[in-house]
Amino acid sequence: MIVSRPDNPTRGSILGRFYFKDSTDLTISRKAEDDLLRFRIMNPLLTPFSRQALATLPTPICSLPAIGTNLYMKQDNLSDSVYGGNKIRKLEFLLGEAMAEGRKSVITYGAAGSNHALATAVCCRTLGLHAISILAPQQTSDHVRKNILMQYAAGADLHLCPDYTHFPACTKQLVKHHLAIDGIKPYIIPAGGTNPTGALGFVNAAFELAEQMRPDVIYLPMGTGGTFAGLLVGLKLAGLQTRIEAIRVVDPAFRNAGHIKKLCNDLCAKLSIAPLIYDSDITIRDEFFGEGYGTPTAEGRDAVEWFKTKEKVQLENTYTGKTAAALLHDLYSHPHEDQTVLYWNTLNSQDFSNEISGIDFLDLPPAFHSYFE
Ligand SMILES: Cc1ncc(COP(=O)(O)O)c(C=O)c1O
């Protein structure tokens with residue numbers, strides 16, 4: 001494999017038989033899309049499903065030598081040249097299905113500064129779909145303000161509800177509105193893009209990984225759980241023995257092992273295979289969650305700082321920092337030099353400041369103004 005340092009991702013050395021695209025290859029011409037699609041569907045099990053080429057795959061893997069030996073990072077942060085991160089993989093299948101069904105608009109959900117709602121808006125723009133974000137209030141921050149502005153810049157209609165319980169009523173109203181316009185129901189994507197269709201993106205990611213390396217353990221954040229469930233099923237199908245340490249970043253009532261098992265079983269049903277995930281395959285680590293979703297922890301903050309100073313890798317406090325905290329805890333409390341460890345970076349790392357620099361927040365729907373005042 002080609003392993004590149006994150007601070008110099010264009011340089012690499014061949015360590016194995018597989019070639020990794022590096023960051024210089026991020027702008028792949030759409031003209032080769034058909035070939036690319038064929039290349040990027042990594043297993044025949046996935047060919048029945050509609051898909052749109054959105055991500056730049058395979059994402060590269062780099063080593064993190066200043067943090068640990070035998071420690072690597074899967075750079076899904078570079079999965080797209082405009083807005084990367086883990087959501088793009090799910091959206092390839094979700095929006096592929098929307099396009100195949102002839103939908104014109106897409107409704108999705110999240111907190112005001114949701115990474116998923118933003119990724120959906122950006123991908124909808126690429127495909128000529130109309131994105132509609134139904135959002136719930138969230139404490140403001142630079143990250144939240146940036147994501148709201150970028151959703152707007154990508155052309156999404158923004159709706160802010162008083163809280164999550166208003167999502168169904170708001171959806172009903174908007175569906176009725178769109179049906180009245182063109183008779184076509186908007187395609188609905190659940191929060192986080194997590195359902196069996198979205199999780200197919202991570203089944204594919206597992207086959208992609210199997211061609212790059214076979215780690216002993218993977219660390220990743222567990223939010224809505226689509227990334228985790230897709231990888232669990234995909235790794236089994238690809239014949240990898242890899243254990244996943246899924247780091248809780250949401251409340252246990254919202255997602256727990258029971259939800260993940262059900263999602264894995266539904267995913268297997270979608271793939272027309274027998275269930276293959278056992279309770280013992282599902283490891284969810286609760287110790288790094290702290291006081292709640294989006295509430296930073298001291299260990300998470302330290303881990304963000306550690307990754308930044310040691311490897312020039314930018315993380316954040318809600319998902320990737322808590323995951324890095326678990327990884328660092330394990331690496332330093334019981335070193336496992338004999339094991340190959342992969343940190344799955346799910347965070348977008350593309351800077352989109354240029355796209356939002358000219359936007360006046362007063363152009364946003366009034367409900368969002370308080371985020372900027
Ligand atoms: C940066 C980042 N990492 C991880 C996740 C969690 O992924 P999943 O919802 O598939 O568990 C999210 C979800 O929003 C995210 O934004």
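Which elements do the buried residues of helix 10 pack against? The model examined here is predicted: local features are reported at pLDDT of at least 70 and side-chain atom pairs at pLDDT 80 or more, while totals for chains, interfaces and linings use all residues. Residues are numbered from 1 along each chain as its sequence is written.

The protein chain holds 11 helices and 12 strands. Both kinds of element are DSSP runs numbered from the N terminus, with helices being H or I runs of at least four residues and strands being E runs of at least two. Of the 373 residues in the protein chain, 46% count as buried. A residue is called buried if 20 or more other C-beta atoms lie within 10 Å of its own, exposed if 12 or fewer do, and partly exposed in between, with C-beta atoms placed from the backbone. Contacts (C-beta atoms, placed from the backbone, within 7 Å) can also be sorted by sequence distance. Among those between residues at least 6 apart in sequence, 75% join residues at least 24 apart.

Because 10 of its 14 residues are buried, helix 10 is largely enclosed by the rest of the structure. The buried residues include Thr 320, Ala 324 and Leu 331. They pack against strand 9, strand 10 (243-248), strand 11 (284-285), helix 9 (298-311) and strand 12 (341-345). Ala 324 shows this in detail: leaving aside neighbours within four places in sequence, Ala 324 is in contact with Ala 303, Val 304, Phe 307, Leu 315 and Tyr 343.

Ala 324 also belongs to the largest nonpolar core, which has 98 residues. Such a core is a set of buried Ala, Val, Leu, Ile, Met, Phe, Trp, Tyr and Cys residues joined through C-beta atoms within 7 Å. The members that touch the most others are Val 106, Ala 206, Phe 228, Ala 229, Ala 324 and Tyr 343. Helix 6 (residues 196-212) gives the most to this core, with 8 residues. Domain 1 (2-86 + 195-345) and domain 2 (89-193 + 366-371) both give residues to this core, so the core lies between them. The domain bounds come from an automatic or database domain assignment.

The ligand comes next. It is surrounded by 18 residues, the closest being Asn 115, Gly 223, Thr 224, Thr 227 and Thr 346. Here, a residue is near a molecule if its C-beta atom, placed from the backbone, lies within 6 Å of it. Helix 3 (115-127), strand 9 (217-222) and helix 7 (226-237) each give two or more residues to this shell, and helix 7 gives the most, with 3. The shell around the ligand divides into 5 nonpolar, 13 polar and no charged residues. In this count, Ala, Val, Leu, Ile, Met, Phe, Trp, Tyr, Cys and Pro are nonpolar, Asp, Glu, Lys and Arg are charged, and the others, Gly among them, are polar. Domain 1 and domain 2 both give residues to the shell, so the ligand lies between them.

Helix 7 is mostly covered, with 11 of its 12 residues buried, among them Thr 227, Phe 228 and Ala 229. Its cover includes helix 2 (87-100), helix 6, strand 9, strand 10 and helix 8. Thr 346 is found in the loop between strand 12 and helix 11 (353-356), and is buried, with 23 other C-beta atoms within 10 Å. Thr 346 and Gly 85 are 261 residues apart in sequence, yet 4.8 Å apart in space, C-alpha to C-alpha.

Helix 5 (residues 167-182) has another setting. Of its 16 residues, the number buried is 0, so helix 5 lies largely in the open. Gly 183 follows helix 5 and has a positive phi, near 75°.

Some backbone details complete the survey. Most residues other than glycine have a negative phi, and most peptide bonds are trans. The peptide bond from Leu 57 to Pro 58 is cis, with omega near 0°. Asn 70 has a positive phi, near 55°, and is partly exposed, with 18 other C-beta atoms within 10 Å. Ser 272 also has a positive phi, of about 60°, and counts as exposed, with 8 C-beta neighbours inside 10 Å.

Notes:
Two residues are in contact if their C-beta atoms, placed from the backbone, lie within 7 Å.
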